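Please look at the sequence and the structure first.

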Amino acid sequence: MTVTDRYVLVLASVLLGTSVIFAWFGESRINVFLSVYIIETLAVNQLFVWLSERARSALYSVERVLVVCFVVMVVSEIARILSG
Amino acid sequence: MRKVRYIRLGTALSVAGAAILTVSLLLLGSYPGISTGIAVLVLGLVILLLGTTAPGVSAELADLLVRVGYENLGRLLEEIGLNSRAVYLPSTFFPGEARAFIPLDAERHEVAVSGKLDDRLVTFWGAGDDDVGLAVSTPGTAALSLLQYPPGGTMDEISVTLTQLAVATLRVAKGVEVHERAGRIEVLVRRESVPSRWLSSRVEWCLGSLAASVAAAVVAEAKQRPVYVENEEVKGSQRVVVLALQPE
């Protein structure tokens with residue numbers, strides 16, 4: 001099993017496991033789903049520093065998109081709170 | 001092929017995730033469905049992007065190219081009668097990338113170079129008649145191009161770089177340890193997985209094994225000094241490579 005296979009397996013286990021936990025606790029906030037998945041993906045990416053250079057550069061582009069999504073969610077949430 | 005497999009899996013998961021998300025959001029109003037849809041969509045997109053980075057060359061073609069390259073180099077070395085250990089030089093010694101230099105004189109392990117060498121197969125490094133040898137590309141010197149940053153000079157940095165190359169990228173070993181002992185650098189390569197009979201005996205004698213070649217090239221680049229494989233032996237499931245650095 002290659003390091004990329006292991007990365008895919010770990011990411012799938014983490015994301016789908018979290019999905020089960022959300023269902024178990026009856027979580028219904030979509031922004032919480034997105035935030036947790038984004039943070040988990042970024043954390044798993046940081047753990048797999050041994051991925052090949054090309055794979056890492058592809059993951060950097062994924063990370064950039066995820067960080068932008070996360071920032072948009074945080075900003076919209078702040079705007080919602082401030083507007084009452 | 002791994003690339004096709006990842007792209008198919010990534011596409012299937014992305015489509016499935018988008019479908020689950022849309023149906024859960026618009027028709028069912030199911031939050032567990034929305035959660036699963038987002039998770040599967042993120043996973044699919046990541047796998048799809050990873051698939052585009054996998055090598056597009058089949059394992060059979062790569063194996064064929066390696067055999068042809070090594071066989072030709074072995075025939076060339078036998079024809080010339082070179083019996084020297086290669087000296088691995090850092091990339092600063094050549095206008096292009098790093099090379100291994102196989103001196104004409106089998107007893108010579110030190111190469112006193114002032115300025116850059118010509119990037120040719122037959123290269124003179126000094127004014128003497130015997131100051132000549134072959135500058136060749138090796139698996140180790142070629143592997144340096146896979147690194148994002150040049151390796152650092154400390155033992156820890158060398159160890160991290162070698163692990164990244166040998167274990168994660170090239171997948172020729174399960175682990176690498178680096179120690180400095182009595183002016184030599186000892187590299188322990190655990191559980192090698194290199195196909196047998198890849199290297200002819202002449203090529204292996206000159207350049208070292210695949211693991212030794214990678215280790216020597218990384219150490220030469222990290223220390224910015226010429227390095228040669230002084231000794232290597234297999235002890236059980238691990239290979240011990242002893243590298244000697246040219247004095248400054």
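## Contact between two helices

In helix α1 of chain A, residues A:Thr4, A:Val8, A:Leu11, A:Ala12, A:Leu15, A:Leu16, A:Thr18, A:Ser19, A:Phe22 and A:Ala23 meet B:Pro32, B:Ser35, B:Thr36, B:Ala39, B:Val42, B:Leu43, B:Val46, B:Ile47 and B:Leu50 in helix α2 of chain B. Two residues are in contact if their C-beta atoms, placed from the backbone, lie within 7 Å. Helices (H or I, at least four residues) and strands (E, at least two) are DSSP runs, numbered from the N terminus.

The model is a predicted one, in which local features need pLDDT of at least 70 and side-chain atom pairs count only at pLDDT 80 or more, while totals for chains, interfaces and linings use all residues. Residues are numbered from 1 along each chain as its sequence is written, and chains are lettered from A and ligands numbered from 1 in the order in which they are written.

The axes of α1(A) (residues 3-25) and α2(B) (residues 31-53) come within 8 Å and cross at roughly 170°; axes are lines fitted to C-alpha atoms, for helices over the stretch in contact, and angles run from 0 to 180 degrees between N-to-C directions. The two helices are therefore roughly antiparallel, a term for angles over 145 degrees.

In total, 24 residues of chain B are in contact with 28 residues of chain A. On the side of chain B that touches chain A, α2(B) gives the most, with 16 residues. The table sorts residues by class: Ala, Val, Leu, Ile, Met, Phe, Trp, Tyr, Cys and Pro count as nonpolar, Asp, Glu, Lys and Arg as charged, and the others, Gly among them, as polar.

| Side of chain B that touches chain A | 16 residues | seven residues | one residue |

Chain A has three helices and zero strands. Buried residues (20 or more other C-beta atoms within 10 Å of their own) make up 21% of its 84 residues.

Methods
A residue is buried if 20 or more other C-beta atoms lie within 10 Å of its own, exposed if 12 or fewer, and partly exposed in between; C-beta atoms are placed from the backbone. Angles under 35 degrees count as roughly parallel, over 145 as roughly antiparallel, 65 to 115 as roughly perpendicular and the rest as oblique.
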